[in-house]
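I kept a notebook while looking through this structure, and these are my entries. Have it open beside you as you read.

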Amino acid sequence: MTNKIINIFTNETDISLETKSELTKILVDKGYTVTEESRDNADLIICIGGDGAFLETIHSCKFPQSPIIGINTGHLGFFQEISPDCLEQFIKDYENGQYSIQDLSTVEATVTLLDGRSNMHLGLNEIIIKGRQSYAIHFGLSIDGKPLERFSGDGILVATSSGSTAYNYSLGGSIVDPRLDLLQVTPIAPMNTTAYRSFTSSILLPAEISLEIFPEQEDNRIFILNDGIETGYSNVKDIKVEVSDTMVHLMRFKNYDFWNKVKTKFL
């Protein structure tokens, strides 16, 4: 018998709830303590759903130190490792230690207002900086304290390696192996005019380099989206985006291969 604590989260769809019920019964019969409440002392977190449910679990658990594994009942399921029809094998491999832990980097944006207040936003996939709906945003962009460009467009997306296959890929950004620790800056509908010269393709930055954004108008209205969670700001002085010290510990089993997953999901 075991005293291990396992948290299970779902996206509440019928197939996810059915999978959760089956999995819970198996785990309880084996002596595990199963709970739906986020616990700091959980030995494992299981997310049942798609990639959206996985990101929601990460944020609701406040980027936990516990390892996390996904069971895919969604569509793409890029983060999700296990199929619902492989629950018994999953538990067997888990109990036999037939897995590894993949540490995924996260990205943080620190927003500083003109009155000196600041807030930090954390994302596993990406940070998006954009203006009001249907309005272009204008700002100066610096890398490691050195001015790079005057940007005008719908905004920019700053993706982690693991987030490169999400919205970043839809915008024409590159797929990056998650074993590479970097940030990818991808423009969203950039404009090139006599006043603004914006890169029209992604740029890659090493993990130790930060990105700084300086809005041109003091009475600005700017929105930050971290993994789709939107927060609006007025009177922004600057925004600093960089790799965070926070890691997400994703459980991977012996047959996992990133590029095989890319092939099966996209080709």
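**Helix α2**

I started with helix α2 (residues 51-60), which is mostly covered: seven of its 10 residues are buried. "Buried" means under 20% relative accessible area, "exposed" means over 50%, and "partly exposed" is anything in between (1.4 Å probe, protein chains only). Helices (H or I, at least four residues) and strands (E, at least two) are DSSP runs, numbered from the N terminus. I listed the buried residues of α2 as D51, A53, F54, L55, T57, I58 and H59.

Before going further, I noted that this is a predicted model, in which local features need pLDDT of at least 70 and side-chain atom pairs count only at pLDDT 80 or more, while totals for chains, interfaces and linings use all residues. I also noted that residues are numbered from 1 along each chain as its sequence is written, and that side-chain values use heavy atoms, with hydrogens and water left out.

Which residue with a positive phi follows α2? I found K62, with phi near 60°. Most residues other than glycine have a negative phi. K62 sits in the loop between α2 and β4 and is exposed, at 68% relative accessibility.

I then looked up D144, where phi is also positive, near 55°, in a residue other than glycine. D144 belongs to the loop between β8 (137-143) and β9 (146-159). With a relative accessibility of 41%, D144 counts as partly exposed.

**Salt bridges**

How many salt bridges does the structure hold? I have eight in my notes. A salt bridge here is a side-chain nitrogen of Lys or Arg within 4 Å of a carboxyl oxygen of Asp or Glu. The general idea is simple: side chains of opposite charge can pair when their charged atoms come close. I looked up three of these pairs.

The first entry is E81 with R252, whose closest N and O atoms are 2.9 Å apart. E81 lies in the loop between β4 (68-72) and α3 (87-95) and R252 in strand β15 (residues 236-253), so this pair ties together parts that are 171 residues apart in sequence. Are the two partners buried or exposed? E81 is buried, with a relative accessible area of 19%, and R252 is buried too, at 5%.

My next entry is K130 with E230, a salt bridge of 3.6 Å from N to O. This pair links distant parts of the chain, with K130 in strand β7 (residues 126-130) and E230 in strand β14 (residues 229-234), 100 residues apart. K130 is partly exposed at 23%, and E230 is partly exposed at 46%.

I also looked at R179 and D177, whose side chains meet in a salt bridge at 2.6 Å, N to O. R179 is exposed, with a relative accessible area of 67%, whereas D177 is buried at 11%.

**A negative patch**

Where do D14, E18, E22 and E88 gather? They form a patch of negative charge on the surface. A patch is made of residues with over 30% relative accessible area and no salt bridge, with like charges joined within 9 Å. Asp and Glu count as negative, and the place of a charge is taken as CG of Asp or CD of Glu. Helix α1 (residues 14-29) gives the largest share of this patch, three residues. I checked E22, which lies in helix α1 and is partly exposed, with a relative accessible area of 42%.

**Helix α5**

In helix α5 (residues 258-266), I found F258, K261 and V262 buried. They cover an arc of only 105° around the axis, which puts them on the same side of α5; the arc is that of the directions from the helix axis to the C-beta atoms. The face turned away from this buried side carries the exposed residues K263 and T264.

**One last look-up**

I finished with P215, found in strand β12 (residues 211-215). P215 is buried, at 15% relative accessibility. The C-alpha atoms of P215 and R132 are separated by 13 Å, and the two residues are 83 apart along the chain.

Conventions: Patches are made of residues with over 30% relative accessible area and no salt bridge: like charges are joined within 9 Å, nonpolar side chains (Val, Leu, Ile, Met, Phe, Trp, Tyr) within 5 Å. Accessible areas come from the Shrake-Rupley method with a 1.4 Å probe; for residues, only the protein chains shown count as cover.
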